[in-house]
Each structure stands twice: as C-alpha cells, then as structure tokens.
Amino acid sequence: MSQIHLQVNNLSKDFGGLRAVNNVSFEVNGPELIGMIGPNGAGKTTLTNLLDGALIPSGGTIYLNGKRIDGIKPYQVARAGLGRTFQVTRSFRRMTVMENLLVPGMALHTTASRKAQEKKAWEVLEFLTFEHLANEYARSLSGGQQKLLELGRLLMLDPDIIILDEPFAGVHPKLMEKIYEYITTVNARGKAFILISHDMDTIFTLSKRLLVLNFGSLIADGTPDEVRQDPTVIEAYLGEEDEEYGTAMPVVDVHQLVEEEGDAS
Amino acid sequence: MRKYVLFAMVVLMLVVPTVTAAAPMYQGEDYVVQADDWLSKLADKFLGDVLAYPAITYYTNQKNAEDDSYAKITNSDVIEVGQKIYIPTPEEAEAYFANSVQSIGSGTIKIGSMVPLSAPGSVTGGTAMKAAYEIALEEINAAGGVLGQQVELILLDSEGLPERATSAMSRLINQDEVVAVACCYHSAVGLAAKEVAHDNHIPVVFAETWNDDITGSGYPEVFRIAPRSSDVAGVDVDYIATLNPSYVAIMTENTGYGIPAAEITTEKFNALGIESETFFADIGTLDFAPVIERMKAGRTPDVILVLLTGETGFNFEQQAAEAGFGPEDVVMVCNQAASDSDSFWAAVPDGRLCLYHAIGLPTALWTDKTKAFAEKYVEKTGRARPESYAMEAYDSLWMTAQAINEAGSTDPDAIIAALENIQYDGALGHIWFEYGSSNPVPEDLPASAWHQFMNPAVTIVQFQEQGESAADLTVVFPDTYKTGDQIFPGQ
Amino acid sequence: MTGKIILWILGVAGLVVLALLPLAYDIFPFLPPGLLNDYTLHVLIVGFYYAILASSWSLLMGYAGQFSFAHMAFASMGAYASGMLGMFLGTSPLTGIIAGTLLAGFFGLIIGLLVLRLRSTYLALFTIAFAEIFRLGVNAEKDYTGGGNGLQMDALFPNGVDLGFYQFDSVNKIPPYYVMFFLMIILIGLMVWLAGTRFGLFLKSIREDEEAAAALGVNVVRYKVLVFVITSMIAGLVGAVRGHYITIISPNDMVILWMSLVITMAVLGGIENLIAAGIGGIVVFIMLEFLRADFATTTVMTVTLTILLSIGLYQLVMVVARRSGRVMKNIHKTLAVAGAFVVALGVSAAIASPLTTLISYTYYDFSGSLLPETIDMSDWRLVIFGLILMLTLRFSQNGLLYPIIQRVSRTGKLSDTVAKRDAARAMAEAEA
Amino acid sequence: MHASPLLQTFNTGPALLILLWVIFWAVVGGVVTPRVYRRKDLDASSATLYGAVAGAGTGPILPVYLWVKTPELNWRWIVVPSALTLAMLIWAFAVYDPNNLCVNNGGYVISQISNGLLVGVLYGLIALGLTLIFSILGIVSFAHGQFYMIGGYVAFFVVDDVFGLNLNPLLGLLAAGLVTMAIGIVFERLLLRPMHLGQIERPSEYAILVTFGLAFFLTYTVQATIGTNPRKLTPYFPIDTVTIGPVSMPPSRVIGAAIGLVVLAILYWFLNYTWRGKALRAVSQDKQAAAVVGINPLTMNTLAFGMGAMLAGIAGAALVQVFTWAPNVGDVASARSFVVIVLGGMGSLIGAMVGGLVIGVVEALGVGCFPDVSRALAYQQVFGLVIFAIVLLLKPTGLFGREL
C-alpha cells in the first residue's frame, strides 16, 4: 500500500458574497485519525463537500496521493480513494443490504464480476455481523443499522481516507460501541479517518489530532490537549449561538398569531 | 348503522319485484292514449314491467299493418293522445321478448358504423349522426327489416382519430362481421376506414367525410353521398367571386378537413386571380384575439371565409364580433354548427349577416321524406333542425339497407353492384352514383368522381332575422336555389 | 416446487400461447369460431406496443426515478422520422425505423443532458413542456408532417412477406403480429437483463440518492443520460414500427390521454418490475378495448354491486375478526376475500335486475323517461381507470400485479424469509 | 406548398449576420470573463452569465471593460446589457421581416400588448390556486385544470337555464368555489394527507401521479355524465366593448379580468389580515416553527388545497363566459398554469399574476409577430412553453420564487 497523503492548500469557497470556507490548508499523512469540530455554520460540511468534489472550490487545490482532485467529479474522487458519509443517513432505502454494498463495489471495479463483489460483500457483512440481513431492504433496518450499512459501503469502496459526518448522532449506545470499534479496527488496517462530530467527548477521546473550524477558517490544528487550551477555540465556542433555531424564524410573528387566536376564541 | 341500511336496501330490492310481479294482470286489449300517457307507463300499468313497452310498440304496429285504425308507432318515446294502441297479454309480451332475443341471436343482418362520440372527435357531429342512424334503424326495422330479417346497427366511437378508425373498422368487419358499413364524420377517419374496407372487401357508404381522396382512390367498395371538399369549395369560391373581392382571408383548422379544404379553396382563388391568405388554427383554440388583431391591422380582407368546425368556429366568430371585426364589419362566411346553438345570437349579435354554406336541399325544396325525418329528428334531439350530417347519416343507412334488399343477399359483390345501380330517394333528395365500374370516370373529371354522388345541393344561405327559424333561411347563392338577396354589412 | 419455478412455467407458457396464437385454428381445429380474427390480432399487436412502452417507462421511472411525460413524444418522434424519410426520400420502412430509433435516442441524449439538475416535479414539468412543444410543432409544420391531418406511412411490409411455402400480403396481420411480439420479448428481455447488471444497480442507487451514489463512485451523469437514451430509443423504435403497422401517424397520438394510459399501465402492473409493467400494458389495453362498447345496464349494475358488496363484506369480516381479537393470517385474508367475492357475486346477480328496474322506475317518475337499457362504457372505462390508478397509488404502491408475483415467487422460501425477518425485527427492537 | 400570394420577403442574410454577431460575443464574453475573474482570484460564480449577456448586448465594449476593471458583479451589470440584448434581437427581427406589423405599426403592437395583458390577468387568475397549493403543500397539482373546468361547469349550470336555475352570476361564482373546494378538501384528506403523515413511499412521485390520476378521473367523470357538447355562456353583465385609443377590449374578458382582480384583492386581504391566512403564510415559511406555536400543518394543508381548488373553480366560473366550455378545457388550463407559476416563481402569488401577464403578452406578441402568418396561431402555446422550458433549465425558482 502506498503512503496515504492528502494535501489541502488554501482552499476557499464563496456562495455569492459569503465566504463559507476561507483559505483552509492542512495535510493528512498516513493512517491518521483526525477529528474536525466547529460551531454550526463553521463550514465543516462545506469543506467535506469540497474534498468530496460535490462543490467546486473558488480557490485552492487538493491533492490526494499526488493526484489533484479538486474540480473533478465526486465519483472520480471516490474512485481516487476518498470516501464519505453524510450527516443524515443516506442508505439506498429501497434496495437490499446486499445491493447497497454492491453499488460501490461494482462502481469501483468496472470490470469486476458480480460474483467476486458479492464474495467481498459477504466479508463486509460478516465484519458488521449483518449476514442475516443481506436480503432485507435497507428501509427495514433501524436507524443505527443503516448507519452501519453506510460504513459497510465505505469498506466496499475501500478508500484511503474516510470522512464520517456525525457518525454518532442519534445512535443507540450499543451501536455506538460498534461504530467505535469499526473506526478503530479500520484505522488499524491502515485507513485515515476524518471525523466530524458535535459529540466532544467521543471525538476528543477517539482522535489523535483535531482540526477546528470557525467562520470558514481553520483556527486550530493540533492534538486534543493543545486544542483544548487554544484561546481562539474557547472564544469561538463561548460566542456560539444556537443557529439551528436562530436563523429560521418565520417572517410572520407566529407567537403573536397564537395570542390573536386566543383573543378570537 | 351502514350495515342495516344496506340490509334494508337488499330486502327492499328483493321485495319490490315480488310485489310488482303480483300486480294485477290484464288481458290483451285496445287502448286509446290519454293525456300524460307514456308507453312505458302503460307497460308498467298493464304488464307490470316498465321495460315491456317495446312489446306494445311491436303488437300495435302489427295490428296497424292489418287495420290502420291502430296507430303506427315509429318512436316509442312519442305517442299522441287519441291514438289507438294494442296492449298485448303478458303471454304475448313474453313471446315477443323470447322472439326478439332469438332474432338478435341468429336472424339479424349487421350493418356497421362509427362516429365520433368522444374528444378529440367532434362530439356534436357524432351525437347528431348517432341520433339520425337510430331513427333510420327504427324505420328500417319497423318496415320489416332487410331481406326479411331485422337490422342490427353496430355503432362504434371513432374518437375522430385515424388510428382508432383502423381499429374500429377492423373490429366491425372481423369481430362483428357486418355486411356493410355506413359511416364517418371526420375526413381523417374516413381516409383510414376506406383502407380497411378495401382490404376486407366490405362496402362502405360515406356520409359527411368531404376529403376528395376518399372516393379518389377508386376503390370498388367506397361510395359517398356527401359532397367533396372541392364541390363545397367550388360553391364558396364562386359565391365569393360574385362580390369581386381583392383579398380574402381564409380561417381554417389544422385537420383532415381544414387543410385540404383550404388548399383547394386557395387553388380556386388563384385560378380566378383573387388573392387570399390562410390562417391555420388548432381545433379547440380558445383565444383568437391576436390573430384577429393581425387581420384587422394588416391588409384588410374583403371577405373572411371561416372553415372552422363546431365550437372553434363559434369562438372565432364571437371574438371577431367583440373585436369589432365580425359579420357586421366584413362579409363573413361562417360556420354552420355555431348558429345552431342558442347562445350564438347573444354572443354574435350580428350573426344574421353571416353566410353559411349549407349542404342539402333548401327548406323550400324539402321532400316528404326530409320533412318526416326533420320532424322526428327535432323531436328526438331537441335541436333546431337536422344538420346536413344528420341527413347524410340517415340517408347512408337507409341507402345501405335498400342496396342489400336490392342485392337480395349479403354478398359484398352483390351489394356493391346494387349500390352502383341504386336510385335512392331520401332526406337529401334523389341520390345515385353516376360513375362506377360500368360507367368509368371520364378523363376530364377528377378521379374522385368515382362512386360519388355528383349532384349534392350546396348553397350559400343567410339568416336574415336574428334568431330566425331554420325554415326561413334565405338562399342567396347559387341562382338555381336563390330565394332572396343577401344583406350586406351596414345595410 | 418453489414459487420462482411456478412463475417461470407460467411465463413461458404464456409466451408459447401468444407465439402460437395466430396458428390456433391450425393446431386446434375444434375451437369455436370468432375467437381469433384480424381484430383480436390487432388488439394484441397494439397491446404488445403498449407493453413495451409501459415497461420502458418503468425502467425510467421505477428504476431510475426519472419522471418523464415525454415518452409518447419519443415514440411519435420515431414514427415521424421514419414516415418523413419514407415520404421525402422514399426510404424503406426498415431504414426509416432505424433512423427513427437513432433520432429518438439523440433527443433522449439531449433531454437527458438538459434535465440533469431537475428532480421529480420540475422534471415532470419540463418533460411535459418538451412533449407539448414537439406535438404543437408537428401540428403546425403541416407542410412536412401533414399537421393534424396525419402523415401516411408505408405498410410495415409494403410487398407482403414471402416465406416460400406461404405468402402473406401487405395487409395480413400475422407478420406485424410476430414482429411486435418478438420486439416485445427482445426489448423487455434486454431491459430485464440490463436491470440485472451494474446498470440496473446503479440506476436504483441514483433513484434512491444521487449524491450518495456519486460519493460511492457511481458516474451519475453517465447513467442518467444513458437511461434516457436507452428508453427513448426503445420508444422511438416501437413507435416507428407501430406507425408503419397502422400506416398513419398523427399528433393526436401524443395527447396527454395516451401518456396517462401508459402511466396507468405501468403503475397498475408495478413500476418496479419491468415484466409486471409490460403485462399491465397488455391487460389494461385489452380491458380498454373490451370496455369500449355498450353493456346491458343490469350487467353494469351487477359488476358495480359485486365490487361494492365484496369490499363491504370483506371489511365486515375484518371488523368482526378484529373485535373478536383474532389474528388474521394471510391465508385467512385470502379466504375472506374469496368468500366475500363469491357471496357478493351471488347476491348481486340476484338483485341487480330488480334493482335496475327499481332505479329505472324511480328515474322514470322523476324525469319521464326510462334508464337506457345499455350503458356506453367508452367514457366510464376511463373514469374507472382513473379511480383504480388513484386507489392503487394509495394502497398498493407497487402496483397490483407485482405484489402477486413477489408473493408467489417467495412461496418456496417463505419460512426462511419469515425467520430472517423476525430475527431482524428482534434485533431492531432490542436496539430500540 | 402554400405559396402565399402576399409575397413575404425575408432578409435572412443580414438578420443572420446580426444574430451571429450577438452569439459570437455572447460566447466570447461567457468564456473569457470567468477566466479573467478566476485569474484575479475574484468570485467567478456568476461571471459566465454576466459576461455572456454583456457580450450579447454590447459586442466587445462591455466585456473588455469587465476584463480590465473587473468590477463586483451585481444587478447593475445585467439589467442594461439584458435590455440591449433584447434590443439587438428585436433589431435582427426587424431587419429579417421589415414588413411585419410589429415592426412598422406601433398602434398594433400596443393593442396586441393590451390584449395580452387582459388575457394575462385571466391566466394569472387560473394559476393563483396552483401557486397557493405549492407554497403550502410543496406539490404541483396536475388536477388544477380540472378544478377550473368543474368550476366553469358549475357556474354554467347555475347561471344558465338548462336546469331552469337562471341565477345571479355571483351565485354562480360562489357555487363554483364551494363545489370545487369541497372536492379539493375531500381529495386532500383522503389521498394527500397520508403523504404528509409519512405513509407513502416516494412522496414526490406519488403527489404527481395521484393528482394526475385525479385529473384523469375528474375529466372523464364529467365527460361521461354531461358529455362533451361544448357549452357557452353569454357575458355575465351587459357591458359594451371597452375602447381606449387603438385598444378595444371585449366585454366578456373585461368582466373576467375584473373578477380576477377582485379575487386577488380578497386573497390578499385573507392572507394578510385574518388569523387563518397568516397561519397559512407561517406554514409556507416554516412548517416546524408554525407547528411549535400550535398551528396544525395538516389542517393548513387541507385548507390550502381546498382554497387552491376553490380559486381554480372561481377562475373557471369567471372564464366560462369568455370561452366555450368542454371537459377537456382543463388540460390547456393546467399546462398554462404550470407555465405561469414556474415563470412567476413557484409558490409566489404575485409571481403568478406577473407570470400570467408575461405569458399573456408573450403569446399575443408571438402570434402577432410570427413571420409566417398562416402558422402563427398554431404556435400560440409554444411561445409560452419555450420560455417555460428555458426558465426551468436556467432558473427553476422563476421571477419571484425563493430557494427551496
């Protein structure tokens, strides 16, 4: 296996006048286990989309194992060796578990026979202890099982770098352990991970290195301990607002409406 | 709760027929029709079954054949006060139904037809033709049917689509095994139908399909009693030429009728040195305002010739009138069907200035058969008068029946031979086919003269009073039929 | 015997029957006359045509999730291309059909590329716009297309078919029957095969989640465009063949009604199974033809009552069962349906005639005329199909036929599957 | 085949030259501008469009300015070039067909535009309900035209004397609105609510198909029960043709448009000054937030669908006196409504009205100016549909739409 090397140089992304990612540079060398944190709207997902090719950067370059991967299509990035999951579970709900696994397998090896891929898929199923579910539709799995299935798909894709977006969100503790185990095992097999999570505890224990984003800029890059003491990071987290509800307020004042209805009735 | 309602209904349904069956029975007797009587009401009263009324019709007509003090019932929906009818005994009625069932099973002669009964076909035309066919059928069967057997009419919906016509025609001939076909409203349907008829060697009498090519292909099976597009266009052009126009606008529809009609008309105008421009509209076009504006602002036509059928024509005429470019402003040859609608006169106040090309004899020259048909038709449909296509439908079925009778068999060749020699008197007057296998089409006539009724009366008429009855139409052209002078815009 | 084998036997038997159908009287001379004639062959030929269209639309919609209203437009495009080539250049039908297929494929490519960004509703609207522009354009350019008059096309075999020992003339239905029949087998077979390869797998993944599929290495653009190209080529091909069979093509073939019938066929069959959609096409078309006639009022009444009563009775049984706390297994449900149907049929047959008389009688009092003795179903059949379409969508999203196929094919390994599913459920519950 | 005796001469060559000039500079502007911006490390996201329009409108002048100065691209750099592009295209057309009435007769153009505006109000009226439904339920109802058709029939039977009713037109409008609203509410409760409750797989396709099924069902139910004989109603109120200068407006359309404006005003009042109306708007802006404050989105869905159907029904009732009525009038109405709401922006009421006006004018001018007079009317719908397709491809949110 060649040495894993991801190099991100001065990556930027603008949406209209808004700069969502601002001059971000970092490197991944070898099978690292990296956590990426940042307040809401810090640009984590945008950065992931840039790495994955879903968005074209406004500036900067990305190299994976010496090959330039910015500006190419997501499927090419995937084949080049960068796999990801999404914040919301995105299993192929109306396909069986086996079919879910075959998609990346067949996509990666254009000449591969289905048989060979199925064999590989069985190995993955075994790893996930999912054999009995092979012919079930993904939609009949529980939320956590679907998360695991997504991880299984990444195993079939066999990328060098795996980006997991919120792998622990809304997952039952039992399955959390399993995902934990998955990450460490696969990492031990020589794959690099970038974990994006709100869950500070897990991410601080799991990762060896942390990237902190705020307002699109990389404000810290270091070991968990270094990051914990970084004054900019502390400030960013204290100054955070709960944007999930903050920005989405309707133009109509709904509270007033309720009062009005009270008056009316 | 719902269950009980359902249960009650079921019980009710089982009880009602038992009760009605137990109603008092009467012997066969004569009966004089009173006010407010209907046959079905009488059937219910005397025979205990509203659906038994055809038996009364049948036996009364039987008696009428022997003794004309009995009424002759041609339409079961129409009986008149004072008529003497015969009410059969329940046994007789039963025997009638048993027979009629049997006769449908074996001893009927089937004639096929298809008319547009759903969109995109012209349903107005289709329903009119259907009613006319039904009148003719009832008459034919009341007169003893054909070759001593009852006639069964199998009428399919052509939807105005050629591909549908191919399928329906194939079904008539192969599935229902009709011996002849009397059919069609749309030209496109006729063009497709004639191919199937030819392939299967079954005679067809065409009504209303004007396209020249229908008889133009010279198939031995194809006959037509309606005028050709070129006949109608000829009259239109000849009439318009009498007005000495320099420029004519032709408003036509993009269909198997409108396209060739506009082409033939344009050709004839060109031959006379009259300039014309054709405006095509899709059938069903609602908004004509932009094109009317364009007619108004561009070179103003001296005459507008509207070759749009049905409601499309109505829409155009109304919007032209509203835009100040209607019949009161310019000589307009309008669409006939529109004037049959009551709302026409409210929507197009000066519709009286419209001219129409009318097919069939002018009212003044109507034969007894025309009048009899018109009366039944108006009664049956509630329309103002029989349209040309209704008369053609009526005649096409009667003529087919007459031909089978004259042929003495249902063999296609015999029927075709009978049709070639037929002399038929019907609602449209005297009809015969000049050119056929024994008298080939002369070189100086177009091929479409083959099996074509060559003398259809095509006239230009005008309603000269608002809402005038159809009987008082004024014929303004040609001179042979002329009954009055045209009123011009501003006059 | 497992269900899969039963299905195979049924399928092959069905195809053999269809393949031998034109020869039925030669094989079984004792068959009553009137069963088979040019009309029945015609209905089947057009039925096969709709089977192919419904099936290819399912590949587009059910597999790839690309909602298109332009399928009939592609079929007509094939026919027009072939017809116009024949008219202006005098090419043979075969050349025309090939050209029509390619042209439809080319436009499929363009549409496929244009709509890459559009999803569901927007895609549906765009394809409607495309289909309407094409229809109106054909209608308007009458100098080239014949406009509303339609375009005459050569017969499929202008000189008939000479087999050496037997000659078919150009209007014989048997050659086009076999052409359409084998086209159906080949094209649906091809699509079924494609659906089983990586192509089908990727289409489904695109349908489920485009971005996720791309992130897993699927070339979304290629497969989306490809599925448009393939399905439009199939539509163009059969459209051209049908045009030559009917010998006329007109813009009325493209009105929204026909597209809605293709959609109905596919939905009733089951859009996630190409064969089920195809069978749906044939069955619905035959039903449409069969219902295009007058039916005795009592017959209509009987059928209506039977349907309403069986639903009512079935619901009644279910309510009683639920009240008494019984668990209904599938077999019991099937029995209940059958029982309800038999009882309803009996009752309806008994009461339909008096009920009709009763209604007729009441109607007569009200309006002075009786109910007609026959009812023309030409319009009502479309009402019925509209209703069935809505109900199918609501209560059986996989169509009416596909669930049956699924159930039969699982009979052999039912216990196996149930065990697995129970295990899965147990695990899911443990987790929750 | 149809040699027109009014010999139309077209200057294809010179017109083509102008067109090629426009296209050439549009391509140059579109290709070069984003490269320049990217090289200078500036936001190049909209540079392609701006550059292309600049090139099309001004030839090399504005693009060169953009390349040299690279100003920040805001609306200023697109409005004027767009107008100039339009002017260039009009110039090309004028050169191509100098005898066209649109080129040499100003009064004609004005009267076509006023015709288009008048009919555009009617189009907008038809589309209002559809856009309301979309803004709340997030679906496009393919049965919209059928509600319109049914509304027209209801009004017809109430106002006409077929059944001897002969009632006041206002009652006709009311009855049409109530009947269609009832059908809409029943349909929503039975077939659309399960979708919002998550009982349906593939909800977006389901919504298309099920409303499509409803359209099918309604059209043929009407056809089977009352037949396809076209019906026609005379104008509701006996007024004269309104004539202003070269413009004459037919009475039936003036009445229809007046009804349309009144309905719009009432709708505006309802949405802005009543609790339910404001609740509807709240749901359309943010479902979750609305639910949090106690608005039941399911009820609002039903209300919105019912109202959408009602608006369509009233539109039908207003227009049954303008056009002839048959069961298939709904098809064209649906298609037009799609065009109108996509152009105006899905979910925007003002957009629907503006979209209606634009489509009305485009169709009127399209028919009025199309060089071949014999085919002009046959292309009537195409003019709108082409714009529709282009908007869908380039800016699916339309003029007033918001990102979804």
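Analyst: A residue counts as buried under 20% relative accessible area, as exposed over 50%, and as partly exposed in between (1.4 Å probe, protein chains only). This is a predicted model, in which local features need pLDDT of at least 70, side-chain atom pairs count only at pLDDT 80 or more, and totals for chains, interfaces and linings use all residues. Residues are numbered from 1 along each chain as its sequence is written, chains are lettered from A and ligands numbered from 1 in the order in which they are written, and side-chain values use heavy atoms, with hydrogens and water left out.

User: Is F288(B) buried or exposed?

Analyst: F288(B) is buried, because its relative accessibility is 0%. F316(B) is buried as well, with a relative accessible area of 0%.

User: How is a pair of aromatic rings read?

Analyst: Such a pair is described by the distance of the centres and the angle of the planes. Rings of Phe, Tyr and Trp (its six-membered ring) pair if their centres lie within 6.5 Å; planes under 30 degrees apart are stacked, over 60 edge-to-face, and the rest tilted. Over all chains the rule gives 46 aromatic pairs. In one of them, the centres of F288(B) and F316(B) are 5.4 Å apart and the planes stand at 80 degrees, so the pair is edge-to-face. F288(B) is in the loop between β9 and α11 of chain B and F316(B) in helix α12 of chain B, so the pair ties together parts 28 residues apart in sequence. Helices (H or I, at least four residues) and strands (E, at least two) are DSSP runs, numbered from the N terminus.

User: What are the values for W57(C) and F67(C)?

Analyst: Their centres are 5.7 Å apart and their planes at 85 degrees, so this pair is edge-to-face. W57(C) sits in helix α3 (residues 38-63) of chain C and F67(C) in the loop between α3 and α4 (71-89) of chain C, ten residues apart. Both W57(C) and F67(C) are buried. Ring pairs join W57(C), F67(C), F69(C), F142(D), F212(D) and F338(D) into a cluster.

User: How is the size of an interface given?

Analyst: Often as the accessible area lost when the parts come together. Here buried area (1.4 Å probe) is summed over both parts. Between chain B and chain D about 3400 Å² is buried, and carbon and sulfur atoms give 56% of this area. The contact (heavy atoms within 4.5 Å) takes 40 residues from chain B and 41 residues from chain D.

User: How many salt bridges are there between chain B and chain D?

Analyst: The count is one, where a salt bridge is a side-chain nitrogen of Lys or Arg within 4 Å of a carboxyl oxygen of Asp or Glu. D287(B) forms a salt bridge with R253(D), with the closest N and O atoms 2.9 Å apart.

Key. Buried area is the accessible area (1.4 Å probe) that two parts lose on being put together, summed over both.
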